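Hi everyone, thanks for coming. Let's bring the chain up on the screen and walk through it together.

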Amino acid sequence: MTKQVQQLDRVIIRFAGDSGDGMQLTGDRFTAGTAEFGNDLSTLPNFPAEIRAPAGTLPGVSSFQLHFADHDILTPGDAPNVLVAMNPAALKANLGDLPRGADIIANTDEFTKRNLQKVGYDGSPLEDDSLAEWRVHPVPLTSLTVKALEGFELSKKDAERSKNMFALGLLSWLYHRPTEATIKFLENKFAKKPDIAKANIAAFQAGWNYGETTESFSVSYEVKPAPLAPGVYRNISGNQALAYGLIAASVQSKLPLFLGSYPITPASDILHELSRHKRFGIRTFQAEDEIAGVGAALGAAFGGALGVTTTSGPGVALKAETVGLAVTTELPLIVVDVQRAGPSTGMPTKTEQTDLLMAMYGRNGESPLPIVAPSTPSDCFDAAIEAARLAVKYRTPVMLLSDGYLANGSEPWKVPSAAELPDISIEFASGPNGDDGVTFLPFKRDTETLARPWAIPGTAGLEHRIGGIEKADGAGNISYDPNNHDRMVRLRQAKIDGIAHDIPPLEVDDPDGDARVLVIGWGSTYGPIAAAVRRIRKSGGKVAQAHLRHLNPLPANTGEVLRAYDKVLLPEINLGQLALLLRARFLVDIISYNRVRGLPFKAEELAGVIQDVIDSE
């Protein structure tokens, strides 16, 4: 039969099931097809910390949300238009997020009495009126998959594992997604197990055919490609972008990249990605612990490499002493903190912005360092290059604050040409720099940057001391002189403060120039804030927006921007850490809006907060 095709401008889909149901893989493959088709997109993976959480329970639910559109979008979406629920737990855990009229595709085979009881259902919600507000499509995904794979020599249990591919095929038909890339992916993924590859492909194609032939779906949907600037695009996650940015920084600085890292969620993928690129001279060292990882990275920096260490909040705490050593030895070091919900182990797979004050002050003594925060998954690429630029130019450790939302989320990224990337190469010390022409002074500073010379160990005539004990200004000899210590502390601070003149001014998006309320943010709050600002302006409200990439030092015009508005709203996924810093520095009465739920803000939520601030004028 001929089925109607309905045009949509955007769709939000959420795949949800047990952590063993392959929802992340399903969402990732649907995303790949969407990127190939040319839609703008944004994703939100959400999964338990346990490797295999209890099956059929609410804590064990894993989900993947994808927002794709024929226009520019900024977030993974507030609420899904479509929920694919692989079991009762997935339905119950996500039902509260569904707006009225949304579609629910439910795997009826898993709505057994036992599975229903696990999540507190007395009876099946598919068989009563409790889901009357939504459009429910009951589909026996598991049994249809098993039937589709009857010709394969697979056990029933193994055949059932392919139900996620059946669901992917059905959704690919429903939204006109390309199929060739998924088939090729399955062939490559199971190249050593061709029977498994063929079975998964068969399940995927069976799902597509089911959508084409069943009467359960009389309409399919089409979302046209988004208009994008000419160029080469790829879908990229924040961790991938950050890894590629570090590789680009290595090339542009002409320094070999050394990563010393200990695996920790959600930063481990950076280690995994960089380990694949040895052809670029990348060396990765999976250390026995966090302290060894940063120690090796600092040692590599001493030896003339671009030293990097990656971690999350608990690891930053362990690395603090060595980062302080990098401050006092004035060696370039990039410390990547992919923030997660804390304190302690906290919620390892959930996102937060709670490490800002630790990045600022989480070391003994006066130990300032620059802090850079990317705003989107693709911006992690540019932020990594910027962190490297500051580290090598000013001879300082740099903290790069990403987070779990950016790390695991993805979006289209326009691949830059090499010519577009900044030249951040440096010159090592090559000879004496003392006034006598024969002495090397390891702490004689550049008059512009206050950076000390970077001398490769073993270079004849450049023998010098570095270490954690205070050094004499210029000569670098061990010094306990009070006045020298005061001078060295102030020089290290002045070096970081001076970076404010080497970074762009804070830009303000204020179309008419007459807004009285400014919304400012940092890091991953950019998308939800920008989407909320769009909503306010569309309804006739006036609001300005600014977003900080450099958190220490702040752009030189930050105070001027803050004081130009009657009210300043600052949403943060913490209890007000940047607000505390801005209030103290500029004496501006910042209005904080704070949530620490392990999830990104929703645009609708922030739009309501912004409107309340405007109305209170």
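This is a predicted model: local features need pLDDT of at least 70, side-chain atom pairs count only at pLDDT 80 or more; totals for chains, interfaces and linings use all residues.

Residues are numbered from 1 along each chain as its sequence is written, and side-chain values use heavy atoms, with hydrogens and water left out.

So, the overall picture. The chain has 20 helices and 22 strands; these are DSSP runs, with helices being H or I of at least four residues and strands being E of at least two, numbered from the N terminus. Its radius of gyration is 27 Å, close to the 25 Å that the globule rule gives for 617 residues, so the chain is as compact as a globular protein of that length. That radius is taken over C-alpha atoms, and the globule rule is 2.2 Å times the number of residues to the power 0.38. Along the principal axes, the C-alpha atoms fill a box of roughly 90 × 65 × 45 Å.

How much of the chain is buried? Buried residues make up 57% of the 617. Here buried means under 20% relative accessible area, exposed means over 50%, and partly exposed is in between, using a 1.4 Å probe and protein chains only. As for contacts (heavy atoms within 4.5 Å), take those between residues at least 6 apart in sequence: 76% of them join residues at least 24 apart.

Now please look at the open sheet of 5 strands, in the order β17-β19-β18-β21-β22, with mixed pairing. Two strands pair if DSSP finds at least two bridges between them. At the edges stand β17 (508–509) and β22 (590–594), each with a single partner strand, so one side of each has no neighbour in the sheet.

Let's follow β21, residues 567–572. Its pairing with β18 (residues 517–522) is parallel, over 3 bridges, and Val517 has Lys567 in β21 as its bridge partner. Is β21 buried or exposed? With 5 of its 6 residues buried, β21 is largely enclosed by the rest of the structure. The strand also runs parallel to β22, joined by 5 bridges, and Val568 stands opposite Ile590 in β22. From β21 the chain crosses through helix α19 (residues 577–586) to β22, in a right-handed β-α-β crossover. Right-handed here means that, with the strands pointing away from the viewer, the path from the first strand over the helix to the second runs clockwise.

Leu587 has a positive phi, near 55 degrees, though it is a residue other than glycine. At 75% relative accessibility, Leu587 counts as exposed.

Helix α17 (residues 526–538) lies across β17, β18, β19 (544–548) and β21, running at about 175 degrees to β19. Helix α20 (residues 603–615) touches β18, β21 and β22, and its direction makes about 160 degrees with that of β21. For these angles, axes are lines fitted to C-alpha atoms, for helices over the stretch in contact, and the angles run from 0 to 180 degrees between N-to-C directions.

Elsewhere, β10 (residues 257–261) and β11 (residues 283–286) pair in the parallel sense over 4 bridges. The chain goes from β10 through helix α10 (residues 268–274) to β11, and this crossover is right-handed.

Next, helix α14, residues 379–394. Arg395 follows α14, with a positive phi near 50 degrees.

Finally, where are the cis peptide bonds I'd like you to see? One joins Gly342 and Pro343, with omega about 5 degrees, and Pro343 is in the loop between β13 (333–339) and α13 (356–361). Another joins Asn552 and Pro553, with omega about -5 degrees, and Pro553 lies in the loop between β20 (550–552) and α18 (558–563).
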